[in-house]
Amino acid sequence: MQRRSFLKAGLLGGLALIAGGAVYRQLRPAVPERFALDSQGRTMLAALLPAITGLSPARPELDAGIERVAGAIQGLPLRVQKEISDLFGLLSMAPTRRLLAGVPAWPEATPAEVAAFLQSWRTHRTEMLQTAYHGLHDLVIGGWYAEPSTWAAIGYPGPMKELSA
């Protein structure tokens with residue numbers, strides 16, 4: 001690749017990000033509101049849960065895990081909920097999802113593709129993408145393992161019982 005082509009591609013990529021951000025801001029209100037998990041967010045979480053937990057849960061377990069993640073987000077301050085909503089929005093829009101995650105569509109994404117995307121964010125040189133990775137990871141892990149029925153998969157016996165004297 002020639003240097004000129006590389007610079008053009010970088011410039012076009014930057015312009016695409018700016019345009020995507022502008023469109024996104026027009027579609028989303030600027031005032032922090034409570035996080036509401038929409039169908040696109042559910043689809044994304046359905047792809048993230050197996051990739052992050054390493055498990056392939058059945059549909060009812062997956063739906064319950066998605067609800068627990070949504071509940072965990074609801075417990076966060078409004079400012080943080082807004083940031084998560086922005087992240088979910090960016091990962092739901094096709095152009096930014098392809099550019100930032102390299103995933104064509106969440107329903108068709110394999111756990112290996114999602115794991116590769118997450119790994120690329122985890123080790124990315126940009127701190128913002130590393131922070132986004134850690135946020136997604138912690139939300140999914142926290143929401144998934146908040147349910148005692150999921151503890152057996154990792155060999156956790158549960159909290160220690162208090163001994164009575």
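Visitor: Is Lys-82 buried or exposed?

Guide: Buried means under 20% relative accessible area, exposed over 50%, partly exposed in between (1.4 Å probe, protein chains only). Lys-82 has 15% relative accessibility, so Lys-82 counts as buried. A word on the source: this is a predicted model, where local features need pLDDT of at least 70, side-chain atom pairs count only at pLDDT 80 or more, and totals for chains, interfaces and linings use all residues. Residues are numbered from 1 along each chain as its sequence is written, and side-chain values use heavy atoms, with hydrogens and water left out.

Visitor: Where does Lys-82 sit?

Guide: Helices are DSSP runs (H or I, at least four residues), numbered from the N terminus. Lys-82 belongs to helix α4, residues 78-92.

Visitor: How many aromatic pairs are there?

Guide: Rings of Phe, Tyr and Trp (its six-membered ring) pair if their centres lie within 6.5 Å; planes under 30 degrees apart count as stacked, over 60 as edge-to-face and the rest as tilted. Here the count is four aromatic pairs. One of them joins Phe-35 and Phe-88 edge-to-face, at 5.4 Å centre to centre and 85 degrees between the planes.

Visitor: Which parts does that pair tie together?

Guide: Phe-35 lies in the loop between α1 (3-27) and α2 (39-53), and Phe-88 in helix α4, so the pair links parts 53 residues apart in sequence. Phe-35 is buried, at 6% relative accessible area. Phe-88 is buried too, at 5% relative accessibility.

Visitor: Why is the pair of Trp-151 and Tyr-156 edge-to-face?

Guide: Their ring planes stand at 70 degrees, with centres 5.0 Å apart, so the pair is edge-to-face. Trp-151 counts as buried at 19%, while Tyr-156 is partly exposed at 39%.

Terms used:
Helix = DSSP H or I, 4+ residues; strand = E, 2+ residues; numbered from the N terminus.
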